[in-house]
Amino acid sequence: MPQSYKKFPEIDSHYDVIAIGSGIGCLSMAALLAREGKKVLVLERHYTAGGFTHVFKRKGYEWDVGIHYIGDVGRPSSAIRRLFDYVTRGKMEWADMGDIYDRVIVGDRKYDFVKGVGNFKEQMKSYFPDEADAIDQYVDLVFEAQKSMGRYYMDKALPKLVSGVIGGQMRKAYLRFADRTTYDVLRELTSNEELIKVLTGQYGDYGLPPKQSSFAMQAAVAKHYFGGGNFPVGGSSRILETIEPVIEEGGGTILVRAEVDEVVVENNRAKGVRLEDGREITADVVVSGAGIANTFGKLVPEELRKKHGMDTQLTKVAPSVSYACLYIGLEGSPDKLQLPKTNFWIYPEDLDHDASVERYRENPDAPFPVVYISFPAAKDPSWSDRYPGRSTIDIITMMSYDTVTEWEGSRWMKRGEEYEARKERMAQRLLEHLFEHLPHLREKVDHYELSSPLTVQHFCNYPQGELYGIDHSPSRFRQKFLQPRTPIKGLYLTGQDIVTCGIGAALFSGLLTASAMTGKNFMKKIFA
(Lines give C-alpha, C1' and ligand atoms only; values in the text may rest on other atoms or scores of the structure.)
Protein backbone atom coordinates (compact mmCIF):
# COMPACT_ATOMS: atom_id res chain seq x y z
CA MET A 1 0.00 0.00 0.00
CA PRO A 2 1.42 3.45 -0.88
CA GLN A 3 2.73 5.16 2.22
CA SER A 4 0.49 8.21 1.85
CA TYR A 5 -2.61 6.10 2.42
CA LYS A 6 -1.47 4.30 5.56
CA LYS A 7 -3.57 5.34 8.52
CA PHE A 8 -0.56 6.48 10.54
CA PRO A 9 2.33 7.01 8.09
CA GLU A 10 5.76 7.26 9.61
CA ILE A 11 7.41 10.60 9.01
CA ASP A 12 10.84 11.88 9.95
CA SER A 13 11.64 15.06 11.82
CA HIS A 14 13.75 16.45 8.97
CA TYR A 15 13.62 16.31 5.17
CA ASP A 16 15.68 17.69 2.34
CA VAL A 17 12.55 19.38 0.98
CA ILE A 18 9.02 19.95 2.25
CA ALA A 19 6.34 20.62 -0.36
CA ILE A 20 3.12 22.33 0.68
CA GLY A 21 0.30 20.94 -1.42
CA SER A 22 0.12 17.84 -3.61
CA GLY A 23 -0.90 19.39 -6.92
CA ILE A 24 0.96 18.40 -10.06
CA GLY A 25 3.56 21.18 -9.59
CA CYS A 26 4.63 19.83 -6.21
CA LEU A 27 4.39 16.22 -7.40
CA SER A 28 6.59 16.77 -10.44
CA MET A 29 9.10 18.80 -8.44
CA ALA A 30 9.21 16.09 -5.75
CA ALA A 31 9.70 13.31 -8.31
CA LEU A 32 12.49 15.20 -10.09
CA LEU A 33 14.31 15.77 -6.80
CA ALA A 34 13.69 12.19 -5.64
CA ARG A 35 15.45 10.97 -8.77
CA GLU A 36 18.40 13.10 -7.64
CA GLY A 37 18.41 11.36 -4.25
CA LYS A 38 16.48 14.00 -2.32
CA LYS A 39 14.05 13.06 0.44
CA VAL A 40 10.85 15.05 -0.05
CA LEU A 41 7.81 15.29 2.23
CA VAL A 42 4.64 16.36 0.42
CA LEU A 43 1.96 17.75 2.75
CA GLU A 44 -1.70 17.77 1.69
CA ARG A 45 -4.51 19.30 3.76
CA HIS A 46 -7.20 17.27 1.95
CA TYR A 47 -7.99 13.63 2.80
CA THR A 48 -6.73 12.58 -0.63
CA ALA A 49 -3.67 13.74 -2.54
CA GLY A 50 -3.32 14.98 -6.11
CA GLY A 51 -4.77 18.49 -6.10
CA PHE A 52 -6.84 18.98 -9.25
CA THR A 53 -5.65 15.58 -10.51
CA HIS A 54 -7.54 13.69 -7.79
CA VAL A 55 -10.82 11.84 -8.22
CA PHE A 56 -13.79 11.36 -5.93
CA LYS A 57 -16.25 8.49 -5.75
CA ARG A 58 -19.92 8.51 -4.88
CA LYS A 59 -22.86 6.17 -5.39
CA GLY A 60 -20.74 3.71 -7.37
CA TYR A 61 -19.31 6.37 -9.73
CA GLU A 62 -15.97 8.12 -10.08
CA TRP A 63 -15.31 11.65 -11.31
CA ASP A 64 -12.10 13.43 -12.26
CA VAL A 65 -12.30 16.88 -10.66
CA GLY A 66 -9.79 18.81 -12.74
CA ILE A 67 -8.56 16.88 -15.75
CA HIS A 68 -10.88 16.73 -18.73
CA TYR A 69 -8.32 16.38 -21.52
CA ILE A 70 -4.61 16.93 -22.07
CA GLY A 71 -2.88 17.92 -25.27
CA ASP A 72 0.42 16.86 -26.80
CA VAL A 73 0.99 13.72 -24.72
CA GLY A 74 0.11 11.51 -27.68
CA ARG A 75 3.53 12.20 -29.24
CA PRO A 76 6.29 10.34 -27.36
CA SER A 77 8.77 13.02 -28.47
CA SER A 78 6.80 16.00 -27.14
CA ALA A 79 8.18 17.90 -24.16
CA ILE A 80 5.15 17.30 -21.94
CA ARG A 81 5.11 13.57 -22.72
CA ARG A 82 8.83 13.23 -22.02
CA LEU A 83 8.49 15.05 -18.71
CA PHE A 84 5.52 12.89 -17.72
CA ASP A 85 7.51 9.79 -18.66
CA TYR A 86 10.44 10.99 -16.57
CA VAL A 87 8.50 11.72 -13.37
CA THR A 88 6.41 8.51 -13.65
CA ARG A 89 9.19 6.29 -15.06
CA GLY A 90 7.03 5.74 -18.13
CA LYS A 91 4.08 4.29 -16.22
CA MET A 92 1.39 6.74 -17.44
CA GLU A 93 -0.72 5.68 -20.41
CA TRP A 94 -2.77 8.04 -22.57
CA ALA A 95 -5.85 7.45 -24.69
CA ASP A 96 -6.43 9.48 -27.85
CA MET A 97 -9.80 11.26 -28.06
CA GLY A 98 -10.04 10.85 -31.83
CA ASP A 99 -10.09 13.30 -34.70
CA ILE A 100 -12.48 15.82 -33.12
CA TYR A 101 -11.42 16.90 -29.64
CA ASP A 102 -13.56 20.05 -29.21
CA ARG A 103 -16.87 21.19 -30.70
CA VAL A 104 -17.81 24.86 -30.41
CA ILE A 105 -21.58 25.32 -30.56
CA VAL A 106 -23.07 28.77 -31.20
CA GLY A 107 -26.84 28.57 -31.47
CA ASP A 108 -27.52 25.89 -34.07
CA ARG A 109 -24.06 26.23 -35.67
CA LYS A 110 -21.35 23.69 -34.85
CA TYR A 111 -17.62 24.10 -35.39
CA ASP A 112 -15.32 21.12 -34.94
CA PHE A 113 -11.70 21.45 -33.78
CA VAL A 114 -9.89 18.59 -35.51
CA LYS A 115 -6.55 16.98 -34.75
CA GLY A 116 -3.53 18.11 -36.78
CA VAL A 117 -2.51 21.66 -37.67
CA GLY A 118 -3.22 21.28 -41.37
CA ASN A 119 -6.54 19.61 -40.68
CA PHE A 120 -7.49 22.31 -38.20
CA LYS A 121 -6.81 25.06 -40.73
CA GLU A 122 -8.70 23.35 -43.51
CA GLN A 123 -11.67 22.70 -41.24
CA MET A 124 -11.82 26.33 -40.14
CA LYS A 125 -11.55 27.47 -43.76
CA SER A 126 -14.51 25.23 -44.67
CA TYR A 127 -16.59 27.18 -42.15
CA PHE A 128 -15.14 30.58 -43.08
CA PRO A 129 -14.00 30.36 -46.73
CA ASP A 130 -13.48 34.11 -47.01
CA GLU A 131 -11.15 34.13 -43.99
CA ALA A 132 -8.44 31.74 -45.21
CA ASP A 133 -5.64 34.31 -44.86
CA ALA A 134 -6.74 35.29 -41.36
CA ILE A 135 -6.82 31.64 -40.26
CA ASP A 136 -3.33 31.01 -41.65
CA GLN A 137 -2.00 34.14 -39.97
CA TYR A 138 -3.62 33.19 -36.67
CA VAL A 139 -2.00 29.74 -36.65
CA ASP A 140 1.36 31.28 -37.57
CA LEU A 141 1.08 33.71 -34.63
CA VAL A 142 0.22 30.87 -32.27
CA PHE A 143 3.41 29.07 -33.25
CA GLU A 144 5.47 32.25 -33.12
CA ALA A 145 4.25 32.99 -29.61
CA GLN A 146 4.98 29.47 -28.45
CA LYS A 147 8.44 29.50 -29.98
CA SER A 148 9.34 32.55 -27.89
CA MET A 149 7.82 31.11 -24.70
CA GLY A 150 10.69 28.86 -23.64
CA ARG A 151 13.23 31.61 -23.02
CA TYR A 152 10.66 33.63 -21.06
CA TYR A 153 10.10 30.78 -18.62
CA MET A 154 13.75 29.76 -18.51
CA ASP A 155 14.50 33.21 -17.13
CA LYS A 156 12.36 32.38 -14.07
CA ALA A 157 14.82 29.67 -13.05
CA LEU A 158 17.93 31.86 -13.40
CA PRO A 159 19.72 33.31 -10.36
CA LYS A 160 18.71 36.91 -9.68
CA LEU A 161 22.01 38.43 -10.79
CA VAL A 162 22.11 36.46 -14.05
CA SER A 163 18.49 37.33 -14.79
CA GLY A 164 19.29 40.97 -14.15
CA VAL A 165 21.88 40.87 -16.94
CA ILE A 166 20.21 38.74 -19.62
CA GLY A 167 16.62 38.27 -18.43
CA GLY A 168 15.20 41.29 -20.19
CA GLN A 169 16.37 40.02 -23.55
CA MET A 170 15.07 36.52 -22.80
CA ARG A 171 11.60 37.83 -21.99
CA LYS A 172 11.34 40.44 -24.73
CA ALA A 173 10.04 38.33 -27.63
CA TYR A 174 7.34 36.60 -25.59
CA LEU A 175 6.12 39.81 -24.02
CA ARG A 176 5.27 41.13 -27.49
CA PHE A 177 2.45 38.57 -27.44
CA ALA A 178 1.74 38.54 -23.71
CA ASP A 179 1.26 42.31 -23.51
CA ARG A 180 -1.69 42.29 -25.93
CA THR A 181 -5.21 40.99 -25.46
CA THR A 182 -6.44 38.07 -27.49
CA TYR A 183 -9.15 40.19 -29.07
CA ASP A 184 -6.77 42.97 -30.12
CA VAL A 185 -4.51 40.47 -31.88
CA LEU A 186 -7.36 38.69 -33.65
CA ARG A 187 -9.14 41.90 -34.59
CA GLU A 188 -6.07 42.91 -36.59
CA LEU A 189 -6.43 39.70 -38.58
CA THR A 190 -10.17 39.74 -39.20
CA SER A 191 -13.34 41.73 -38.68
CA ASN A 192 -15.41 38.53 -38.64
CA GLU A 193 -16.73 38.38 -35.07
CA GLU A 194 -18.05 34.85 -35.49
CA LEU A 195 -14.58 33.62 -36.48
CA ILE A 196 -13.08 35.35 -33.43
CA LYS A 197 -15.76 33.77 -31.26
CA VAL A 198 -14.96 30.31 -32.62
CA LEU A 199 -11.15 30.59 -32.51
CA THR A 200 -11.40 31.65 -28.87
CA GLY A 201 -13.96 28.97 -28.09
CA GLN A 202 -11.58 27.30 -25.63
CA TYR A 203 -11.19 30.38 -23.44
CA GLY A 204 -12.90 28.46 -20.64
CA ASP A 205 -9.67 26.47 -20.34
CA TYR A 206 -8.04 29.54 -18.79
CA GLY A 207 -11.00 31.63 -17.69
CA LEU A 208 -10.75 35.09 -19.29
CA PRO A 209 -12.69 36.12 -22.40
CA PRO A 210 -10.83 37.58 -25.41
CA LYS A 211 -10.92 41.29 -24.53
CA GLN A 212 -9.38 40.61 -21.12
CA SER A 213 -7.03 37.69 -21.72
CA SER A 214 -3.42 37.78 -22.80
CA PHE A 215 -2.87 36.44 -26.31
CA ALA A 216 0.07 34.47 -24.92
CA MET A 217 -2.38 32.38 -22.91
CA GLN A 218 -4.72 31.89 -25.86
CA ALA A 219 -1.78 30.79 -28.01
CA ALA A 220 -0.58 28.34 -25.35
CA VAL A 221 -3.96 26.61 -25.15
CA ALA A 222 -4.52 26.52 -28.92
CA LYS A 223 -1.07 25.09 -29.62
CA HIS A 224 -1.43 22.57 -26.78
CA TYR A 225 -4.40 20.94 -28.52
CA PHE A 226 -3.44 21.24 -32.18
CA GLY A 227 -2.21 17.65 -31.96
CA GLY A 228 -5.51 16.48 -30.47
CA GLY A 229 -6.75 15.65 -27.00
CA ASN A 230 -5.86 12.76 -24.72
CA PHE A 231 -7.13 11.30 -21.47
CA PRO A 232 -5.25 9.31 -18.80
CA VAL A 233 -6.01 5.59 -19.03
CA GLY A 234 -7.45 4.61 -15.66
CA GLY A 235 -8.51 8.17 -14.84
CA SER A 236 -6.53 11.11 -13.53
CA SER A 237 -5.78 9.38 -10.23
CA ARG A 238 -3.19 7.41 -12.18
CA ILE A 239 -1.00 10.51 -12.17
CA LEU A 240 -0.55 10.35 -8.41
CA GLU A 241 -0.36 6.56 -8.45
CA THR A 242 2.55 6.62 -10.90
CA ILE A 243 4.44 9.57 -9.39
CA GLU A 244 4.18 8.55 -5.74
CA PRO A 245 6.47 5.49 -6.01
CA VAL A 246 9.16 7.70 -7.57
CA ILE A 247 8.96 10.07 -4.59
CA GLU A 248 9.17 7.11 -2.22
CA GLU A 249 12.29 5.80 -3.98
CA GLY A 250 14.12 8.86 -2.65
CA GLY A 251 12.90 8.21 0.90
CA GLY A 252 10.05 10.70 0.65
CA THR A 253 6.36 10.38 1.36
CA ILE A 254 3.02 12.09 0.83
CA LEU A 255 1.09 12.91 4.00
CA VAL A 256 -2.62 13.71 3.78
CA ARG A 257 -4.78 15.51 6.37
CA ALA A 258 -1.70 17.59 7.10
CA GLU A 259 -2.57 21.28 6.83
CA VAL A 260 0.32 23.71 7.12
CA ASP A 261 -0.35 26.63 9.45
CA GLU A 262 2.88 28.56 8.86
CA VAL A 263 6.28 28.41 7.24
CA VAL A 264 8.85 28.55 10.05
CA VAL A 265 11.45 31.23 9.27
CA GLU A 266 14.58 32.15 11.23
CA ASN A 267 16.86 34.99 10.17
CA ASN A 268 15.01 35.24 6.86
CA ARG A 269 15.58 31.56 6.07
CA ALA A 270 12.84 28.94 5.85
CA LYS A 271 13.57 26.17 8.33
CA GLY A 272 10.46 24.05 7.97
CA VAL A 273 6.73 24.19 8.63
CA ARG A 274 4.33 24.22 11.54
CA LEU A 275 1.24 22.09 11.00
CA GLU A 276 -2.23 23.03 12.16
CA ASP A 277 -1.97 20.45 14.96
CA GLY A 278 1.16 22.17 16.29
CA ARG A 279 3.78 19.74 15.00
CA GLU A 280 6.92 21.21 13.46
CA ILE A 281 8.89 19.48 10.72
CA THR A 282 12.21 20.89 9.55
CA ALA A 283 13.72 20.89 6.08
CA ASP A 284 16.59 22.42 4.14
CA VAL A 285 14.10 23.87 1.66
CA VAL A 286 10.35 24.57 1.72
CA VAL A 287 8.34 24.74 -1.51
CA SER A 288 4.80 26.07 -1.61
CA GLY A 289 2.39 24.92 -4.28
CA ALA A 290 -0.52 26.47 -2.38
CA GLY A 291 -0.76 29.51 -4.66
CA ILE A 292 0.52 33.05 -4.34
CA ALA A 293 -2.45 34.29 -2.30
CA ASN A 294 -2.21 31.52 0.29
CA THR A 295 1.59 31.51 0.47
CA PHE A 296 2.11 35.26 0.84
CA GLY A 297 -1.21 36.00 2.51
CA LYS A 298 -1.41 33.17 5.06
CA LEU A 299 1.71 31.01 5.36
CA VAL A 300 4.50 33.61 5.58
CA PRO A 301 4.88 35.39 8.96
CA GLU A 302 3.25 38.82 8.89
CA GLU A 303 6.40 40.81 9.66
CA LEU A 304 8.18 39.21 6.70
CA ARG A 305 5.24 39.81 4.37
CA LYS A 306 5.49 43.50 5.17
CA LYS A 307 9.27 43.63 5.10
CA HIS A 308 9.46 42.12 1.63
CA GLY A 309 6.43 43.93 0.21
CA MET A 310 4.50 40.73 -0.40
CA ASP A 311 1.18 42.36 0.42
CA THR A 312 1.88 44.96 -2.28
CA GLN A 313 2.75 42.24 -4.78
CA LEU A 314 -0.60 40.56 -4.19
CA THR A 315 -2.39 43.74 -5.23
CA LYS A 316 -0.80 43.47 -8.68
CA VAL A 317 -2.63 40.25 -9.55
CA ALA A 318 -6.28 39.20 -9.40
CA PRO A 319 -7.91 35.83 -8.77
CA SER A 320 -9.10 33.93 -11.81
CA VAL A 321 -12.71 33.06 -12.45
CA SER A 322 -14.64 30.59 -10.31
CA TYR A 323 -16.84 27.85 -11.69
CA ALA A 324 -19.60 25.41 -10.86
CA CYS A 325 -19.28 21.80 -11.97
CA LEU A 326 -22.14 19.34 -12.28
CA TYR A 327 -21.03 15.72 -11.85
CA ILE A 328 -23.48 13.29 -13.43
CA GLY A 329 -23.76 9.50 -13.13
CA LEU A 330 -25.79 7.60 -15.72
CA GLU A 331 -27.12 4.10 -16.10
CA GLY A 332 -25.61 2.44 -19.14
CA SER A 333 -22.16 2.06 -20.63
CA PRO A 334 -20.62 4.83 -22.78
CA ASP A 335 -21.16 2.64 -25.85
CA LYS A 336 -24.78 1.91 -25.02
CA LEU A 337 -25.48 5.58 -24.32
CA GLN A 338 -23.57 6.62 -27.47
CA LEU A 339 -21.49 9.13 -25.53
CA PRO A 340 -19.00 11.08 -27.63
CA LYS A 341 -15.37 11.67 -26.69
CA THR A 342 -15.58 15.18 -28.11
CA ASN A 343 -15.97 18.05 -25.62
CA PHE A 344 -18.85 20.48 -26.20
CA TRP A 345 -18.36 24.23 -25.76
CA ILE A 346 -21.79 25.86 -25.87
CA TYR A 347 -22.18 29.64 -26.21
CA PRO A 348 -25.05 32.14 -26.49
CA GLU A 349 -25.72 33.28 -30.02
CA ASP A 350 -26.60 36.91 -29.36
CA LEU A 351 -23.43 38.32 -27.75
CA ASP A 352 -19.68 37.95 -27.98
CA HIS A 353 -17.79 36.18 -25.20
CA ASP A 354 -16.97 39.30 -23.17
CA ALA A 355 -20.48 40.72 -23.35
CA SER A 356 -21.96 37.36 -22.38
CA VAL A 357 -19.71 37.16 -19.33
CA GLU A 358 -20.61 40.70 -18.29
CA ARG A 359 -24.35 40.05 -18.70
CA TYR A 360 -24.10 36.93 -16.55
CA ARG A 361 -22.01 38.71 -13.93
CA GLU A 362 -24.71 41.35 -13.58
CA ASN A 363 -27.56 38.83 -13.63
CA PRO A 364 -26.91 35.18 -12.62
CA ASP A 365 -30.25 34.23 -14.17
CA ALA A 366 -29.09 35.38 -17.60
CA PRO A 367 -27.92 32.78 -20.15
CA PHE A 368 -24.72 31.06 -19.15
CA PRO A 369 -21.76 32.67 -20.98
CA VAL A 370 -20.24 29.22 -21.52
CA VAL A 371 -21.30 25.64 -20.88
CA TYR A 372 -18.61 23.00 -21.19
CA ILE A 373 -19.62 19.33 -21.36
CA SER A 374 -17.07 16.53 -21.01
CA PHE A 375 -17.60 12.78 -21.30
CA PRO A 376 -14.79 11.18 -19.25
CA ALA A 377 -16.28 7.68 -19.23
CA ALA A 378 -16.15 7.65 -23.03
CA LYS A 379 -12.56 8.95 -23.11
CA ASP A 380 -11.07 6.29 -20.82
CA PRO A 381 -10.78 2.85 -22.48
CA SER A 382 -10.49 1.21 -19.04
CA TRP A 383 -13.71 2.77 -17.73
CA SER A 384 -16.16 -0.03 -18.56
CA ASP A 385 -13.85 -2.63 -17.03
CA ARG A 386 -13.81 -0.64 -13.80
CA TYR A 387 -17.44 0.53 -13.81
CA PRO A 388 -19.48 -1.78 -16.05
CA GLY A 389 -22.91 -0.53 -17.05
CA ARG A 390 -22.27 3.00 -15.82
CA SER A 391 -21.14 6.32 -17.30
CA THR A 392 -20.24 9.81 -16.17
CA ILE A 393 -20.51 13.32 -17.59
CA ASP A 394 -19.17 16.65 -16.29
CA ILE A 395 -20.79 19.99 -17.06
CA ILE A 396 -19.02 23.22 -16.11
CA THR A 397 -20.02 26.86 -16.20
CA MET A 398 -18.95 30.09 -14.55
CA MET A 399 -20.30 30.87 -11.10
CA SER A 400 -19.32 34.09 -9.39
CA TYR A 401 -18.02 33.76 -5.85
CA ASP A 402 -20.23 36.73 -4.98
CA THR A 403 -23.31 34.53 -5.42
CA VAL A 404 -22.27 32.27 -2.52
CA THR A 405 -20.51 34.64 -0.13
CA GLU A 406 -23.43 34.60 2.31
CA TRP A 407 -22.56 30.98 3.11
CA GLU A 408 -18.89 31.68 3.84
CA GLY A 409 -17.81 29.88 6.98
CA SER A 410 -20.53 27.24 6.77
CA ARG A 411 -19.60 23.56 6.74
CA TRP A 412 -19.34 21.53 3.56
CA MET A 413 -22.51 19.47 2.94
CA LYS A 414 -24.22 21.38 5.76
CA ARG A 415 -24.81 24.81 4.24
CA GLY A 416 -28.59 24.83 4.53
CA GLU A 417 -31.70 24.48 2.43
CA GLU A 418 -31.43 27.80 0.58
CA TYR A 419 -27.89 27.03 -0.57
CA GLU A 420 -28.94 23.57 -1.75
CA ALA A 421 -31.95 25.05 -3.54
CA ARG A 422 -29.71 27.51 -5.38
CA LYS A 423 -27.42 24.68 -6.45
CA GLU A 424 -30.39 22.61 -7.57
CA ARG A 425 -31.68 25.42 -9.79
CA MET A 426 -28.29 25.69 -11.46
CA ALA A 427 -28.03 21.91 -11.81
CA GLN A 428 -31.38 21.77 -13.60
CA ARG A 429 -30.36 24.54 -15.98
CA LEU A 430 -27.16 22.69 -16.83
CA LEU A 431 -28.98 19.40 -17.31
CA GLU A 432 -31.27 21.06 -19.83
CA HIS A 433 -28.24 22.10 -21.88
CA LEU A 434 -27.14 18.45 -21.93
CA PHE A 435 -30.60 17.18 -22.92
CA GLU A 436 -30.88 19.79 -25.65
CA HIS A 437 -27.92 18.21 -27.42
CA LEU A 438 -28.30 14.60 -26.26
CA PRO A 439 -32.04 14.18 -25.53
CA HIS A 440 -31.82 10.39 -25.23
CA LEU A 441 -29.99 10.81 -21.90
CA ARG A 442 -32.93 12.44 -20.12
CA GLU A 443 -34.14 9.17 -18.57
CA LYS A 444 -30.67 7.77 -17.92
CA VAL A 445 -29.46 10.11 -15.16
CA ASP A 446 -29.01 8.13 -11.95
CA HIS A 447 -27.16 10.66 -9.78
CA TYR A 448 -25.89 14.22 -9.94
CA GLU A 449 -24.33 16.77 -7.64
CA LEU A 450 -23.05 20.29 -8.12
CA SER A 451 -19.85 21.79 -6.74
CA SER A 452 -19.78 25.56 -6.18
CA PRO A 453 -16.87 27.94 -5.60
CA LEU A 454 -17.28 27.17 -1.88
CA THR A 455 -16.62 23.50 -2.65
CA VAL A 456 -13.37 24.43 -4.41
CA GLN A 457 -12.47 26.72 -1.53
CA HIS A 458 -13.09 23.91 0.96
CA PHE A 459 -11.04 21.26 -0.82
CA CYS A 460 -8.35 23.25 -2.63
CA ASN A 461 -8.12 26.29 -0.32
CA TYR A 462 -8.29 28.91 -3.05
CA PRO A 463 -9.63 32.08 -1.36
CA GLN A 464 -12.51 32.68 -3.80
CA GLY A 465 -12.91 29.18 -5.15
CA GLU A 466 -10.97 30.08 -8.28
CA LEU A 467 -9.80 27.14 -10.41
CA TYR A 468 -6.92 28.78 -12.22
CA GLY A 469 -5.08 30.65 -9.46
CA ILE A 470 -4.44 34.18 -10.64
CA ASP A 471 -5.97 35.43 -13.88
CA HIS A 472 -4.22 35.45 -17.25
CA SER A 473 -4.43 39.10 -18.19
CA PRO A 474 -1.55 40.85 -20.00
CA SER A 475 -0.36 42.46 -16.76
CA ARG A 476 0.10 39.04 -15.12
CA PHE A 477 2.98 38.21 -17.46
CA ARG A 478 4.82 41.38 -16.39
CA GLN A 479 5.03 40.38 -12.72
CA LYS A 480 8.62 39.36 -12.01
CA PHE A 481 7.77 38.03 -8.55
CA LEU A 482 5.83 35.16 -10.16
CA GLN A 483 8.87 32.90 -10.15
CA PRO A 484 10.21 30.01 -8.03
CA ARG A 485 12.48 32.10 -5.79
CA THR A 486 11.09 34.30 -3.03
CA PRO A 487 12.83 36.98 -0.92
CA ILE A 488 12.95 34.44 1.93
CA LYS A 489 15.96 32.16 1.56
CA GLY A 490 15.06 28.52 1.25
CA LEU A 491 11.40 29.26 0.39
CA TYR A 492 10.37 28.51 -3.18
CA LEU A 493 7.13 28.52 -5.14
CA THR A 494 5.71 26.12 -7.69
CA GLY A 495 2.37 25.50 -9.39
CA GLN A 496 0.20 27.30 -11.90
CA ASP A 497 0.78 30.78 -10.48
CA ILE A 498 4.44 30.80 -11.54
CA VAL A 499 3.75 29.47 -15.05
CA THR A 500 0.11 29.37 -16.21
CA CYS A 501 -2.94 27.22 -15.58
CA GLY A 502 -3.40 23.73 -16.91
CA ILE A 503 -1.76 20.45 -16.02
CA GLY A 504 1.02 20.84 -18.59
CA ALA A 505 2.05 24.27 -17.30
CA ALA A 506 1.85 23.17 -13.67
CA LEU A 507 3.89 20.06 -14.51
CA PHE A 508 6.63 22.28 -15.97
CA SER A 509 6.46 24.58 -12.95
CA GLY A 510 7.85 21.68 -10.93
CA LEU A 511 10.77 21.48 -13.32
CA LEU A 512 11.44 25.22 -13.07
CA THR A 513 11.35 25.09 -9.28
CA ALA A 514 13.64 22.06 -9.12
CA SER A 515 16.08 23.81 -11.48
CA ALA A 516 16.03 27.09 -9.54
CA MET A 517 16.51 25.24 -6.26
CA THR A 518 19.37 22.97 -7.29
CA GLY A 519 21.01 24.83 -10.16
CA LYS A 520 20.65 21.66 -12.26
CA ASN A 521 19.60 21.94 -15.89
CA PHE A 522 16.71 19.50 -15.86
CA MET A 523 15.70 20.60 -19.35
CA LYS A 524 18.99 19.35 -20.73
CA LYS A 525 18.88 16.21 -18.62
CA ILE A 526 15.39 15.17 -19.74
CA PHE A 527 15.10 16.57 -23.25
CA ALA A 528 18.63 16.33 -24.61
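**Note on strand pairing and the nonpolar core**

1. Strand E1 (residues 14-20) and strand E13 (residues 280-288) run parallel and are joined by six bridges. The model discussed here is a predicted one.

2. Strand E12 (residues 269-275) runs antiparallel to E13, and three bridges join the two. Within this pair, Gly 272 is found opposite Thr 282 in E13. The hairpin formed by E12 and E13 has four residues between the strands, and in this hairpin Gly 278 adopts a positive phi near 100°.

3. E13 also pairs with strand E19 (residues 491-493), in the parallel sense and over three bridges. Here Val 286 faces Leu 491 in E19, the two residues standing opposite each other.

4. A separate point concerns the strands E5, E9 and E6. These three strands make up an open sheet in the order E5-E9-E6, and their pairing is antiparallel. Strand E5 (70-71) and strand E6 (94-96) are the edge strands, each of which pairs on one side only.

5. Three bridges connect E6 with strand E9 (residues 229-232), and the two run antiparallel. Ala 95 is the residue that stands opposite Phe 231 in E9.

6. Which residues have the most contacts inside the largest nonpolar core? They are Ile 393 and Leu 434, and the core to which they belong has 170 residues.

7. Leaving aside residues up to four places away in sequence, Ile 393 touches Leu 434 and Leu 441, and its other contacts include Trp 63, Leu 326, Tyr 327, Ile 328, Leu 330 and Leu 339. Ile 373, Ser 374, Phe 375 and Pro 376 are likewise among the residues that Ile 393 touches.

8. Is Glu 244 buried or exposed? Glu 244, which lies in helix H9 (residues 237-249), has a relative accessible area of 2% and is therefore buried, the cut-off for that term being under 20%. Glu 244 and Val 42 are 202 residues apart in sequence, while their C-alpha to C-alpha separation in space is 10.0 Å.

How values were computed
Residues are numbered from 1 along each chain as its sequence is written. This is a predicted model: local features need pLDDT of at least 70, side-chain atom pairs count only at pLDDT 80 or more; totals for chains, interfaces and linings use all residues. Side-chain values use heavy atoms; hydrogens and water are left out. Two strands pair if DSSP finds at least two bridges between them. A nonpolar core is a set of buried Ala, Val, Leu, Ile, Met, Phe, Trp, Tyr and Cys residues joined through side-chain atoms within 4.5 Å. Buried means under 20% relative accessible area, exposed over 50%, partly exposed in between (1.4 Å probe, protein chains only). Contact means heavy atoms within 4.5 Å.
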